[in-house]
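This report walks through selected features of the structure shown below, chain by chain and contact by contact.

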Amino acid sequence: MVALAVPYVLRSDFWLGFLITVLLFAALGMAWNILGGYTGQFSFGHAAFFGTGAYTTAVLHIGLGLNPWLGLATAAAAGGLVALLVGYLSFRYGLRGSYFALITLAFAEVLRILANSAEFTGGGVGLYVPLDLGIANLQFADKAGYYYVALAFAVLSLVVGWMLERSRLGAQMMAIRENEDAAQALGVDTFACKLKAIVISGALTGIGGAFYTHYYLYIDPGIAYGPGVSVEILLVPIIGGLGTVFGPLAGSAVLHGAGELARRLMGDAPGLSLIFYGVLLVVMVRFMPEGLMGVVWRIRRRSETQADA
Amino acid sequence: MLDPLILLPAVINGLTMGAVYALVALGLTLIYGVLHIINFAHGSLLMVGLYGVFFLHRAGVDPYLALVIMVPALFVVGYALQWSVIGKASHGSDQNVLLVTLGVSIVIENLALYFFTADTLTVDTPYVFEMIDLGIALVPLPRVIAFLSALVLAALLWLLIARSDLGRAIRAVAKERQGARLVGIDVDHIFAMSFGIGTACLGAAACLLLPMFYVSPHVGHVFVLVAFTVVVLGGMGSFSGALFGGLLIGVTESVGGLLLGESLGQIGIFLIFIATLMFRPSGLFGARLS
Amino acid sequence: MTRMNKSLSRRHVLTGAAAGAAAGSFGFPAILGAQPAAIKVGILHPVTGALSYSGTQSRFGAQMAIDEINAAGGIKSMGGAKIEALLADAQSRPDVGAAEIEKLNEAGAAAVVGPYASAIALATTQAAARHGLPHVVDVAVVDQVVTRGLMNTFRFGPGVKKTVDTAIENLIKINDAAGKPAKTVMIVHEESAFGSGMATTLNAELPKHGFEIVETIKHANPTRDFSNIVLRVQARKPDLLIPSNYYNEYVLFARALRQQRVAPKAIYSILGGGASSYKFVKEFPDAAAFVMDCNHWFDPRKAAALALKEKTEKQGLFYTYEVFMNYSCVYLLADALERAKGAQRDAIIAALASSTFDMHVMPYGPTRFVNGQNQGAQPVTTQILDKDIKVIYPLAFASGNVVYPMPERRA
């Protein structure tokens with residue numbers, strides 16, 4: 001309820017934009033979390049799904065006039081499809097740990113290079129979505145419109161995560177994370193289970209890509225498929241707390257908050273604010289190795305033991 | 001475009017460029033082999049090395065002579081970084097190492113931006129335009145030197161790890177860190193030594209690279225992805241693997257560029273990489289550190 | 001479902017402008033004796049990230065102009081109000097650029113100058129349009145920057161189409177005057193928007209003028225090795241080589257060309273990263289000799305342009321096009337502020353739209369905006385002669401005589 005009222009209270013487009021970014025990356029972080037946090041499969045290549053979502057809706061909207069709202073759905077399908085392919089190829093060959101991380105990175109790079117060369121993606125020039133304001137067009141005159149879409153996306157991701165956590169599939173995913181061989185011995189079809197995780201993750205990430213396209217109206221191969229996107233997505237749940245429902249939201253808020261704080265504190269000299277941001281990142285890991293949710297637990301546990309005593 | 005008059009020189013270009021990739025990857029494979037971490041800061045440490053060589057050149061030191069300064073200097077940087085920051089902050093977990101090395105690379109890159117500005121810098125040496133005639137191709141002297149140095153450096157590293165006491169300790173830690181600790185090896189020190197040696201390799205790579213390249217705060221990005229590919233291709237932790245992996249990637253990139261065009265040709269690197277991961281995840285050249 | 005106003009949109013420009021008017025009314029020539037409120041101007045460039053060199057140079061150029069204007073008494077029609085720069089960093093990313101626009105808007109910026117790169121400009125102009133915030137675009141050559149009907153966007157420099165057209169026009173003149181020695185052409189371009197856009201237009205246009213394009217090579221950013229590209233240039237032996245790349249790649253390419261002793265009749269860059277850079281000329285004098293470039297360049301006959309060059313070099317910086325383009329953009333804006341007689345955004349937009357500003361340092365003549373594009377904007381063709389960059393075409397601005405075909409260069 002509070003979240004719904006925000007645009008009526010917050011009269012600043014800057015802060016509304018900030019919240020949109022936070023929500024977008026909370027959702028993307030949750031998508032990553034399903035595969036990385038719950039299932040324990042670290043991906044360095046979520047740009048592959050993000051970019052595919054971004055390009056799918058852009059190509060279909062510009063080329064065939066597909067409605068952007070439907071574009072969100074097709075982006076989810078396309079993201080899930082690419083995830084299925086990546087997952088099949090890597091899990092089929094038993095890739096784990098850093099091998100899995102690196103192969104996802106490579107897939108994202110392959111797609112980036114293809115997008116740079118293919119005709120229908122506009123090559124290196126990228127794609128421009130024509131400016132045409134209208135709710136039907138997923139283009140809002142007012143930032144509040146984007147805020148509600150981002151909020152819905154974040155809620156969707158969180159609900160998916162929350163439901164997974166309580167489902168049989170979720171339990172199997174976590175069993176794989178703890179000990180894949182043991183899970184297999186207990187009769188979990190680990191291959192199928194990991195595939196489900198990556199497809200859900202990829203589909204959600206694809207929606208995020210599509211939202212980006214219609215929010216900024218321009219994408220190119222570096223923006224959509226660049227390694228920067230993958231890193232930005234995975235930072236969120238790691239900072240927030242792996243395998244938790246609210247970790248990505250907390251992580252996204254803290255990461256982007258830290259970035260903004262750095263910019264405000266450090267002044268105009270080029271580089272200073274990013275130095276501060278990098279230091280902050282290291283310090284956070286140094287003192288919160290379990291992520292933000294880890295800190296929450298520690299505090300809660302301490303208060304419980306005190307209550308017992 | 002498969003004209004042998006172009007193909008043969010292209011293969012040679014690929015080999016010499018591949019040697020450069022191997023130089024950058026040698027340190028990374030050592031760090032990976034021992035610490036089992038994906039070091040995101042590798043590219044920015046190469047950049048630090050390149051700036052070092054640049055300023056030494058400005059002070060009148062030839063880039064190749066700078067080797068004697070840059071190798072120990074970057075060893076110290078690497079040792080200190082692992083000892084004081086990465087080891088302490090990572091708490092031994094993979095995802096934290098990832099964040100820490102990422103944070104470190106952001107800091108280093110922007111420190112460079114702050115102090116040296118974003119200016120692209122190059123050094124002008126008398127031998128940049130010196131060409132060696134290999135019969136089928138004219139190859140710039142700095143590339144020939146880099147190629148031979150990559151062979152020497154790989155051999156030296158192999159000797160160090162296979163034959164020295166330090167090497168034995170490093171191998172022990174790489175294989176079984178708990179066991180190594182039990183027999184009295186200072187694991188944190190060995191981690192820092194490995195990171196230091198890995199970074200020292202970048203010092204050497206920087207000296208050999210700068211005469212044919214440039215330096216800017218973001219130059220690390222130019223090499224870091226390729227270096228990861230080389231490490232995986234060669235088998236994580238294998239020096240001969242990194243060497244051959246580098247050469248293979250160099251030739252793939254070069255020939256791929258001829259066949260598919262320079263832009264799309266880059267895809268060859270990653271396709272080989274994916275195929276290797278799927279079919280031979282231990283790398284084409286197997287032999288691991290442990 | 002309410003269908004919103006379709007064309008973006010005079011309505012939004014106006015509502016935004018109304019908000020701006022409320023904030024800006026303080027800018028009026030105020031009570032006697034009191035210092036008038038400063039006019040805040042957003043100076044937005046990518047000063048960190050991949051484009052940080054260009055971003056920093058751009059910021060410097062803009063700041064030089066602001067310092068000069070303030071030292072000369074500020075905006076006279078507003079009682080000598082000073083211009084206050086609100087510095088912003090797009091971090092070489094469109095999304096950050098757009099967020100910075102929101103920040104500038106809320107900080108009360110009367111207008112924005114920037115943001116150098118096309119991808120960033122697409123995002124920032126659009127974000128600024130929502131607030132009716134006037135946005136002077138400095139470089140950002142991609143044509144879509146001004147073809148989306150944004151009322152707040154005014155691009156001072158030429159777009160890709162204009163640049164390539166001019167480049168071809170000048171090339172034909174140069175080639176014809178020398179008795180048409182060049183027939184075959186090879187294009188080597190970077191893969192992103194400006195290089196690719198240029199290559200497409202060249203491939204469509206050059207054959208109409210009797211040139212044969214023997215090969216077009218697109219390469220990645222970054223490209224680590226140009227040896228193979230040079231091999232192919234050697235094999236094709238084109239009369240003309242047309243490169244279009246970023247500075248880093250240009251340096252590697254030029255170096256590889258010299259190493260392999262490739263000597264076409266001319267190297268004719270278009271928006272080439274190095275060929276109109278004093279840095280390149282100074283650091284690679286031999287590789288740079290006689291290279292031509294069609295690019296943004298200052299008018300060498302203008303005293304202000306030369307004075308700025310001296311000032312820039314005194315700071316230890318190179319006089320790149322980012323510097324004089326942004327310098328000119330700030331003066332263009334200051335002229336609009338003079339005529340707007342206030343910091344209201346709609347008044348500034350109106351003043352920009354009717355601008356006839358000609359006190360810039362570019363070879364453009366009076367400024368005249370049609371649909372946000374400065375019609376006077378044009379690139380010029382330069383050539384590196386005697387270790388200096390000379391304008392050779394159009395002749396009206398020329399400071400040197402073209403040397404073509406290229407004489408034997410020192411190997």
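A salt bridge is taken here as a side-chain nitrogen of Lys or Arg within 4 Å of a carboxyl oxygen of Asp or Glu.

## Basis

This is a predicted model, in which local features need pLDDT of at least 70 and side-chain atom pairs count only at pLDDT 80 or more, while totals for chains, interfaces and linings use all residues. Residues are numbered from 1 along each chain as its sequence is written, chains are lettered from A in the order in which they are written, and side-chain values use heavy atoms, without hydrogens and water.

## Salt bridges

Over all chains, a search of the whole structure finds 31 salt bridges. In one of chain C, the side chains of C:Arg155 and C:Asp143 meet at 3.6 Å, N to O. C:Arg155 lies in strand β5 (residues 153–155) and C:Asp143 in the loop between β4 (135–137) and β5, so the pair ties together parts twelve residues apart in sequence; strands (E, at least two residues) and helices (H or I, at least four) are DSSP runs numbered from the N terminus.

The axes of α5 (residues 97–117) of chain A and α11 (residues 267–279) of chain B come within 9 Å and cross at roughly 150 degrees, the axes being lines fitted to C-alpha atoms over the stretch in contact, with angles from 0 to 180 degrees between N-to-C directions. α5(A) is therefore roughly antiparallel to α11(B), a term for angles over 145 degrees.

## Backbone of chain C

The peptide bonds from C:Tyr393 to C:Pro394 and from C:Tyr404 to C:Pro405 are cis, each with omega near -5 degrees.

Technical notes. Angles under 35 degrees count as roughly parallel, over 145 as roughly antiparallel, 65 to 115 as roughly perpendicular and the rest as oblique.
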